[in-house]
Amino acid sequence: MRILVTGGAGFIGSNFVNATARTRGGVEITVLDAFTYAGSRSSLSAVCDAVKVVEGDITDVALVNELVSGSDVVVHFAAESHNDNSLADPWPFVQTNVIGTYTLLEAVRRYDVRYHHVSTDEVYGDLALDDPTKFTDRTPYNPSSPYSSTKAASDMLVRAWVRSFGVQATLSNCSNNYGPYQHIEKFIPRQITNILLGARPKLYGAGKNVRDWIHVEDHNTAVWRILESGSIGRTYLIGANGELDNQSVVRMILELMGRDPGDFEHVIDRPGHDMRYAIDSSTMRDELGWHPHYTNFREGLQATIDWYRDNRNWWENDKDAVEARYQAQGA
Ligand code: NAD
Ligand code: TDX
């Protein structure tokens, strides 16, 4: 199988490429990545001999056509992925998430190539803290931020290309991922690296917002299960029953790193901040027989802390720029 992985140098994509190269000998992997601030060659250093890496943009029609025509499957991870950045400057989100997805869809349509679209639970908007329901594939779309609205738009394009043109596509909407190689602008790595450098973790607002955490490797085993057994046109929700409020996560990180669990600061809240995400992943479990492996969040978090402690050279050159961006936002 020849697989084209867009965004394969980012957080989830690089974990997908590393795991695939390690465990699936018959798969020929090509990565297409623009190496924005979020992409890193060093995330692929363990597999660089086994993987072809192409630096390029998913909106480049000629390049996308060339790479898609030589592939059996496309797995589309590439995106602008950070909500805070989308509030500061939405345009790259429209360009990459909407036009980029459109460009890939036109290519897989032309060359009749199987396509999997990686999306987010944020397309469903948010839930109240006391809402007993969770997101399902029947929950109406109601995105809040420029980021989530462009992901929602890209999902709609995929569904239309399936129905109108018979494109062989599946979709997945996953909850918040954590694990190695996540950019330090994101919540968990930002707090771990702050503590490693002697700074205090920063909690937006009161910190009562809830995220439904899943280990990145579990997300990726689910993507493989969908590629192998999913039904064309279907949307699969991926989650691991990992709901926790942000303040509890910060306290756990501090405790696991041997610090006072109350030693964090409250900073200005994110505008339009979604309150709670929660995924009902029973279709993945009951129909596709997928189950998450990392069911103990505390253990997964400890391993993630150890990874950032042991791989300082992977992140420390980015830290000043990331914190300068936050400081400009008051966060
Ligand atoms: P990331 O920001 O870490 O990585 C994105 C990658 O895409 C980077 O390597 C970047 O260089 C590349 N890229 C960006 N624009 C590009 C372009 N125009 N052309 C080619 N490459 C480009 O993101 P991530 O957290 O790994 O997320 C991957 C996917 O998973 C995204 O589609 C995201 O919406 C989705 N997702 C993420 C999460 C999460 O918790 N991180 C949860 C659910 C879904
Ligand atoms: O310093 C911080 N302090 C803080 O309290 C940061 C960076 C975040 N937060 C809060 C905001 C959120 O409630 O932590 C929570 C998680 O924040 P992010 O890591 O920015 O993730 P989120 O906005 O939930 O979106 C993530 O999950 C869904 C990914 O970035 C998206 O790509 C994915 O689609």
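Trainee: So on a 1 Å grid over the protein atoms alone, a cavity is a set of points where a 1.4 Å probe fits but cannot get out. How many cavities of 30 Å³ or more does that rule count?

Mentor: One cavity. This is a predicted model, where local features need pLDDT of at least 70 and side-chain atom pairs count only at pLDDT 80 or more, but totals for chains, interfaces and linings use all residues. Residues are numbered from 1 along each chain as its sequence is written, and side-chain values use heavy atoms, without hydrogens and water.

Trainee: How much space lies in the largest cavity?

Mentor: About 30 Å³, the volume being the space filled by probe spheres set on the points, which are joined across faces, edges and corners.

Trainee: Which residues line the largest cavity?

Mentor: Asn85, Val322, Arg325, Tyr326 and Gln329, where lining means an atom within 4 Å of a point.

Trainee: Which helix gives the largest share?

Mentor: Helix α12, residues 319–329, with four residues. Helices are DSSP runs (H or I, at least four residues) numbered from the N terminus.

Trainee: And the classes in that lining?

Mentor: Two nonpolar, two polar and one charged. Asp, Glu, Lys and Arg count as charged, Ala, Val, Leu, Ile, Met, Phe, Trp, Tyr, Cys and Pro as nonpolar, and the others, Gly among them, as polar.

Trainee: Which residues are closest to its centre?

Mentor: Of 17 lining residues, Ala19, Glu217, Asn220, Thr221 and Trp224. The elements giving two or more residues are α1 (11–23) and α7 (216–229).

Trainee: Which element gives the most there?

Mentor: α7, with seven residues. By class, that pocket's lining has five nonpolar, six polar and six charged residues.

Notes. Chains lettered and ligands numbered in written order. 1 Å grid on protein atoms, 1.4 Å probe; cavity = no way out; pocket = protein on both sides within 12 Å on 5 of 7 lines; lining within 4 Å.
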